[in-house]
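Dear colleague,

Please find below the structure that I am handing over to you, together with its sequence. My notes on it follow directly after.

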Amino acid sequence: MQTNFLVIGSGISGLNFALHAAKKGKVILATKKKLIDSNTNYAQGGIAAVLDKTDNFKKHVADTMKCGAYHNNKKAVEFMIKNSAEAIYRLIELGVEFEKEDGTLKLTQEGGHNKRRIAYVGDNTGKEIERVLVKRIKEHPNIEILENTFAIDLIKKGKICYGCQFIRRNKIENIFADQTILATGGIGQLFTYTTNPKIATGDGIAIGIRAGLKVKDLEFIQFHPTALAKKLSPMFLISETVRGEGAKVINNKGNRFMKNDLASRDLVAREIYRESKNGQVYLDISNKTQSYLVKRFPQIYEKLKQCGFEMEKDRIPVTPAAHYISGGIVTDLYGQSKIKNLFAFGEVTCTGVHGANRLASNSLLEALVFSNQISEKLKHQKIPKKIPVKLPTITKTSSKPFKKEIQQVMWKYAGIIRNNKLIKKEGIPKLIRIQKELAKIKGTNQDLAEARNMAQVGTKILSSASKRKHSLGCHFVE
Ligand SMILES: Cc1cc2nc3c(=O)[nH]c(=O)nc-3n(C[C@H](O)[C@H](O)[C@H](O)COP(=O)(O)OP(=O)(O)OC[C@H]3O[C@@H](n4cnc5c(N)ncnc54)[C@H](O)[C@@H]3O)c2cc1C
């Protein structure tokens, strides 16, 4: 197959870019499961933007930089926030129905923001965005959708990308393109406890590493402080907006133990992690009525009810879980990577906007603003006759025990509190051994390829973490 644009991934960044690109040429949108299978579909809280008269560009920049421990790329932060309101209006134009009151957008607040500046749709903002973008994609005559199509590696010669190799219908297929776009999302599944769905195995970052791309800031992994403490996969998130609307964090004696329940996520996650050693930690929002909670948090209310908790009465047991990676493939403001005709958008990238810690609700914003950029001139590229493309064989071997072990290693050594010596002495050697064992298995399939990607990205995360001797942002060293 051959196309103008080959977009890999169907979260907010892939879908949004595909809609822009379809105005200029033919698009193939390939994604490893169904279209809606993405982190985007799980986003609850909303999208941050400068939308209120009492807010301004400088304040949003200041909050983003402070949360990122000033490790951010200020130029990228300014670029994102300057374009934030426009990005929200684009979504509204496409059909996303953000909450409104008397015709103006209702805004909520999350940790680290000094203003109410988050546009939202109940407590399932991501689902609504995904629904609207998927609808638009399906309607578009220039977009061909390939579901259950798993990207393995880029097709490249020297520093030029010519497309990507996939596993599709149990066969290897090459898709050639003028421009290839990685929009493959995050890495939460590298950890035992995560809010990310099964698709988040770090494939895009691994593909980038193998292609020789620069990756950066991988050690900055954000742990969300308040996942529901129940064995669910993925773990169910209790959005920060619940605290934004008045929930308090309490210990098993019913006492508050934090100065600020809405401090940035890394601080709250560490406090809860430490306090959990003395007993279960809870969220308490019993100061609100049932009718308010059902209306404001319909999804969370319903899920908690299914799990046996009534928000207006019961304390809700919570625990931290791996949630978001701030680092990734280095790109410029246009999503361009160091390889010609290869672009990347969304959580797979490191644009520098998040620095050492992502400010809540800035990630959907980043994915959207950056994927709104598309270079004016589309250049068709001739595919050279001889590109060395390997054709791996498909095997039925399963990787299950390896995936579980990788998750345990990552939770132990790259978790909320880290120890540099142990990472070097135990964590990295364990993952290198797993990588070697996986390499010995002949052939490939999606499950094996994911496990190999997880081990490769995990090793890189541990190695970046081991080099950062001091705590910074969400990298906390014992
Ligand atoms: C529970 C939860 C709540 C969140 N809440 C918020 C919030 O309120 N506000 C906010 O700003 N952010 C939030 N986030 C983070 C935000 O949702 C993500 O950062 C964002 O959606 C990432 O978008 P994306 O397009 O980069 O990737 P994703 O939405 O993850 O999409 C990646 C796509 O790539 C596909 N893919 C992956 N690997 C391959 C492969 N090898 N081959 C083919 N396809 C592949 C996947 O199937 C998927 O379709 C939340 C995240 C979670 C998990």
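Two residues are taken to be in contact if their C-beta atoms, placed from the backbone, lie within 7 Å. On that basis, 76% of the contacts in the protein chain with a separation of 6 or more are between residues 24 or more positions apart. Please bear in mind throughout that this is a predicted model.

Overall architecture

The secondary structure of the protein chain consists of 14 helices and 19 strands. Its C-alpha trace spans about 70 × 55 × 40 Å along the principal axes. The radius of gyration is 22 Å, which agrees with the value near 23 Å that a compact globule of 478 residues would have. Of the 478 residues, 52% count as buried.

The nonpolar core

The largest nonpolar core contains 134 residues, and those with the most contacts inside it are Leu 6, Val 7, Ala 18, Ile 181, Val 318 and Ile 406. Helix α14 (residues 446-467) contributes the largest share of this core, with nine residues.

Val 7 deserves a separate entry. Apart from its neighbours within four places in sequence, Val 7 is in contact with Gly 14, Phe 17, Ala 18, Ala 21, Val 27, Leu 29, Ile 181 and Ala 183.

Ile 8 is placed in strand β1 (residues 2-8). Ile 8 counts as buried because it has 29 C-beta neighbours inside 10 Å, where 20 or more are required. With neighbours within four places in sequence again left aside, the contacts of Ile 8 are Gly 14, Ala 30, Ala 151, Cys 164, Ile 181, Leu 182, Ala 183 and Thr 184.

Strand pairing

Strand β16 (residues 316-325) is largely enclosed by the rest of the structure, because nine of its 10 residues are buried. Strand β13 (residues 221-228) pairs with β16 in the antiparallel sense over six bridges. Within this pairing, Ala 227 stands opposite Thr 319, and His 224 has Ala 321 as its bridge partner. β13 is itself mostly covered, with eight of its eight residues buried. Strand β15 (residues 281-284) also pairs with β16 in the antiparallel sense, over three bridges. Here the bridge partner of Val 281 is Val 318, a residue already listed among those with the most contacts inside the largest nonpolar core.

A further open sheet has three strands in the order β3-β7-β6, with antiparallel pairing. Its edge strands are β3 (47-48) and β6 (107-108), each of which pairs on one side only. Two bridges join β3 to strand β7 (residues 118-119), and Ile 47 stands opposite Ala 119 there.

The ligand shell

Which residues are closest to the ligand? They are Gly 9, Gly 11, Gly 45, Gly 185 and Gly 346, out of 44 residues that surround the ligand. The shell divides into 15 nonpolar, 24 polar and five charged residues. The elements α1 (12-21), α5 (125-139), β9 (149-157), α6 (203-210) and α11 (363-371) each supply at least two residues of this shell.

Two individual positions

Is Phe 343 buried or exposed? Phe 343, which is placed in strand β18 (residues 342-344), is buried, because 28 other C-beta atoms lie within 10 Å and the threshold is 20 or more. Beyond residues up to four places away in sequence, Phe 343 touches Gln 179, Ile 181, Gly 335, Gln 336 and Ser 337. Ile 181 is one of the residues with the most contacts inside the largest nonpolar core. The C-alpha atoms of Phe 343 and Ser 463 are 25 Å apart, at a distance of 120 residues along the chain.

Pro 141 lies in the loop between α5 and β8 (143-146). Pro 141 counts as exposed because it has 7 C-beta neighbours inside 10 Å, and 12 or fewer is the criterion. The C-alpha atoms of Pro 141 and Ala 22 are separated by 8.4 Å, although these residues are 119 apart along the chain.

With kind regards

Terms used:
Residues numbered from 1 in each chain as written. Predicted model: local features only at pLDDT ≥ 70, side-chain atom pairs only at ≥ 80, totals over all residues. Helix = DSSP H or I, 4+ residues; strand = E, 2+ residues; numbered from the N terminus. Near = placed C-beta within 6 Å. Nonpolar A, V, L, I, M, F, W, Y, C, P; charged D, E, K, R; others polar. Core = buried A, V, L, I, M, F, W, Y, C linked by C-beta atoms within 7 Å. Pairing = 2+ DSSP bridges. Rg over C-alpha atoms; globule rule 2.2 N^0.38 Å.
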